[in-house]
Amino acid sequence: MEKKLLNNYHTHTTRCRHASGTEREFVEHALSLGMTTLGFSDHTPYIFPGGYVSYFRMRENEAEDYFNTVRGLKEEYKDKIKIHAGLEVEYYPALFPKLCAFLKDFQPDYFLLGQHFTENEYDSFYIAHSFFKKSYLQDYLSQVTEALDSGLFTYLAHPDLPDYDGGDSKAYEKFALDLCEACKKRNIPIELNLLGLKTGRHYPNPEFFRVAGALQNKVILGYDAHRTEDFSIPTLQRAHAMVEKYNLNLINDVELVKPKL
């Protein structure tokens, strides 16, 4: 039986500088697949010091058009599909309060926590690069846990993004266990990332989801769509095979947490 993903909350736009397709094209494609809810979650702008410019997120002056465009489509398609205007957000301790103040006027519908760096991006390590230091696992865990304690995030995107290649399986297993326990304690779903599955990345990590299955963490599927063809039915079928293999506690939808900024 062919699987369908009715609700996707992980969708990017051209503003992040590494995606293609307009918001309208994503909406139309979602409708063609019979989806009932589409959440846009482009990479949030961030206010960096010293002239640093991030290469994978929208600029501050693009935020207004982003929210206006998505909410215009929400009204236009209201009788066909539910549309939400969210953001994928990193938690950078030194910069986060200023970011929240900047976003307050836009009133995002939700935040996904998508932690790609430790520390504050411009002074840190990209956690998806292969690394050998066990301490990076702890750095990521601590920063993600601190972010979740803010109560601002709906779910944790690609929780297995850290690409630990240090040869110590027990260290990675402990990291996975600690992170899954932290999410379960806070009732935060974790994402099985379909883009990583589609493109053959190091995630979804089977060892991570073996632990998530044993703990029965809430797991949500996310297309992490950067182009319309990322809404892939064959990839979805492979994801459901992982769900069955690791006895994952799959949830079909999630209650959005509106950030109180």
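**Pockets and a cavity**

Guide: Start with the second largest pocket, which has a volume of about 210 Å³. This is a predicted model. Thirteen residues, written 13 in the count, line the second largest pocket. Among them, T154, N187, P189, V254 and E255 lie nearest its centre. By class, the lining of the second largest pocket holds seven nonpolar, two polar and four charged residues.

Now turn to the largest pocket. About 300 Å³ of space lies there. Its lining has 18 residues. Nearest the centre of the largest pocket are H18, H116, Y126, R201 and H226. The lining of the largest pocket splits into seven nonpolar, seven polar and four charged residues. So much for the open spaces.

With a cut-off of 30 Å³ or more, the count comes to one cavity. The largest cavity has a volume of about 30 Å³. Its lining is made up of K4, L5, L33, M35, Y223 and I233. Five residues of the cavity lining are nonpolar, one is charged and none is polar.

Back to the pocket we began with. Its lining of 13 residues includes T154 and N187 near the centre, along with P189, V254 and E255. Seven nonpolar residues sit in that lining, beside two polar and four charged ones.

Technical notes: Residues numbered from 1 in each chain as written. Predicted model: local features only at pLDDT ≥ 70, side-chain atom pairs only at ≥ 80, totals over all residues. Heavy atoms only, no water. 1 Å grid on protein atoms, 1.4 Å probe; cavity = no way out; pocket = protein on both sides within 12 Å on 5 of 7 lines; lining within 4 Å. Points joined across faces, edges and corners; volume = space filled by probe spheres on them. Nonpolar A, V, L, I, M, F, W, Y, C, P; charged D, E, K, R; others polar.
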